[in-house]
Amino acid sequence: MQLLLRAVVSVLSLAGRSPRVKICRIKRRSRGSTQPFTLIRHRWMKTGCLSTHCARQYSSSAQKQHIDMSEFPVDRIRNFSIIAHIDHGKSTLADRLLEMTGAIAKTECNKQVLDKLQVERERGITVKAQTASLFYQHEGQTYLLNLIDTPGHVDFSYEVSRSISACQGVLLIVDANQGIQAQTVANFYLAFEAQLTIIPIINKIDLKNADPERVEKQIEKIFDIPKEECIRISAKLGTNVDQVLQEVVKRIPFPTAKVEEPFKALVFDSTFDHYRGVVANIAVFGGQVSKGDRIVSAHMGKTYEVNELGILRPDEHPTEKLYAGQVGYVIAGMKEVKEAQIGDTLYLHKQPVETLPGFKPAKSMVFAGIYPMDQSEYTTLRSAVEKLTLNDSSVTVQRDSSLALGAGWRLGFLGLLHMEVFNQRLEQEYNASVIVTAPTVPYKAVMSSPKLIKEYGQEVVTIVNPAQFPDKSQVVEYLEPMVIGTIITPDDFTGKIMSLCLSRRAIQKNMVYIDDHRVMMKYLFPLNEIVVDFYDQLKSMSSGYASFDYEDAGYEPAELIKIDFLLNGKPVEELTTIVHKDRGYSMGKAMCERLRDSIPRQMFEIAVQAAIGSKVIARETIKAYRKNVLAKCYGGDITRKMKLLKKQAEGKKKMRRIGNVEVPKDAFINVLKKK
């Protein structure tokens, strides 16, 4: 910054001395504000400039209007979140609410303002729940509305459940064209179980095929909410959005926090800033906190001094204090990632309080190994994983190592999309390139003898790494995770979808018509059958109209087998997989074919085999590069040719015996991606 300022000053001084250089002072309007600029150009230039220097101050806190948070007592605070299925208009409604309350200027550029991550912009989905504080005038009084925009995909349901715990009400959005979808049902029950006030909103009424009457009947039938309570809006055009804010103030209760009590706050989200350390998002459940106060983390027991605090509008807006019932951020010099645990309780030094219940830990549904491309990048990747898991607390981390890939981690995710987004964020935000192994689900094994129970430390062992799968002789039975899957689809595709579910070993539990044309089916699925490509096949079969959601349904006994993959008789640990007995052969055959196409040819023949225990069930051969040793033989006796071929075969046999086959890392990636 200093070098930049020096350069600008030197250019200005040069311009002042030279008669051929003209200095112009101009003002440019940008997003509703006027900023002074200095334009330097040569006198013979009609357009264009040598340098443009913005005179705007870089201290954002100095320019921002001071807000006295004591003006908002608890009875004038409303905390609510927006929940819906994917692409039903949550982020668009959040944009309109921000515009109407003056948090952001009204421009054409306001599209998904709260979706700040690059991965969210690229994929067009919300990944992280984002908070924004709004000031709303209603009947002569100013209300503080704390809005949380949540993700809509099942893989990010932990973000929704965390957001709901910090609110007193929700806006349940339903698309007027698509109607109720699977994730709408799942999110409704999350809010219903938390006993929150639910305001149903029918969005996209401006669409040509919109049918709000049909959607109102669906809401009344499935959720038992009277259709008179539904609000019809168009978030894109801003139709009836003001009514949403009025209903939020009227229907949603204020928080039960009290200012007279000692300070107590819940950390519901946090991010890591390279310059300021950990930025913690907090919900204040009692008392007040000021800049300069000494606060204590209940989890770590460490004391910190509050350097900065404020509210999110949606950018950081510093204030002097935060009071009970309010939501904001606090920076207190936490330098280590592990110091800011999501669900932690903060309180004032020497004023201990009873810790808040926090959040139920997320239950990982899919596990995968993550390894650096090069072991020299291990330390950098460890730092990146720690910082990213601070921001995404639903990921579980466990140290792991592999003979082929070196040291790494076994990470637990809520689903396959969650895994892909985590990997993409590692690359985009931390410039870390990684190898991700095949996704697996957590199986369980009931050990057979007291000796084995003592060795493993427990009777029922959870297996997240297929390489550690115990042999059948050591086990009474294997257990596989099950899920209850909810599918909502137009009835035209019912037959195809039922066939798909049966091919995935699913058991039908329920089937009801939610209106004249849409059917809701419930199936009991083995998690392993739906984790990789089930959703893609469901979408393609239904022309994109079917929606899918699942929830945990415990474990059930299953006949499981471990398939090892061997190259010239040597097992490749990273490709080991666990499948149901009925799928053993087809899976082994398909993987052998993909390995044959991915592994480069050698000077000797390579046997690619799939084996269950000591029994080989499938084999493919990668042919050797072969020199034409008969090229110099023009005619002559056959014995001469046979002698040369025999000599070559012996050389190949010796080379195969002493040669090692290493699977290149790009071959690993190709095989696992296609899986």
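R596 is partly exposed, with 31% relative accessible area. In this predicted model, the side chain of R596 meets that of D597 in a salt bridge, 3.3 Å from N to O. D597 counts as exposed, because its relative accessibility is 56%.

That pair belongs to a set of 25 salt bridges in the structure. Here are three of them, with their N to O distances:

| Pair | Distance |
|---|---|
| D597 and R596 | 3.3 Å |
| E159 and R162 | 3.6 Å |
| E216 and R232 | 3.0 Å |

E216 is buried at 9% relative accessible area, while R232 is partly exposed at 29%.

E159 and R162, by contrast, share helix α5 (residues 157-165) and lie three residues apart, about one turn of the helix. E159 is buried at 4% relative accessibility, and R162 is buried at 4% too.

Six strands form an open sheet with mixed pairing, in the order β5-β6-β4-β7-β8-β9. β5 (130-138) and β9 (231-232) are at the edges with a single partner strand each, so one side of each has no neighbour in the sheet. Strands β7 (residues 169-175) and β8 (residues 197-203) run parallel and are joined by seven bridges; L171 has I199 in β8 as its bridge partner.

Strand β6 (residues 141-149) contains D149. This residue is buried but has no salt bridge, the nearest side chain of opposite charge being K90 at 5.9 Å. Instead, the D149 side chain makes a polar contact with the side chain of S91 at 2.9 Å. Residues touching D149 include L114, T126 and K128.

Terms used: Residues are numbered from 1 along each chain as its sequence is written. This is a predicted model: local features need pLDDT of at least 70, side-chain atom pairs count only at pLDDT 80 or more; totals for chains, interfaces and linings use all residues. Side-chain values use heavy atoms; hydrogens and water are left out. Two strands pair if DSSP finds at least two bridges between them. Helices (H or I, at least four residues) and strands (E, at least two) are DSSP runs, numbered from the N terminus. Buried means under 20% relative accessible area, exposed over 50%, partly exposed in between (1.4 Å probe, protein chains only). Lys and Arg count as positive and Asp and Glu as negative; His and the chain ends are not counted. A salt bridge is a side-chain nitrogen of Lys or Arg within 4 Å of a carboxyl oxygen of Asp or Glu. A polar contact is a pair of N or O atoms within 3.5 Å; within protein, one must be able to donate a hydrogen and the other to accept it, and residues adjacent in sequence count only if both atoms are side-chain atoms. Contact means heavy atoms within 4.5 Å. Lists of a residue's contacts leave out its neighbours within four places in sequence.
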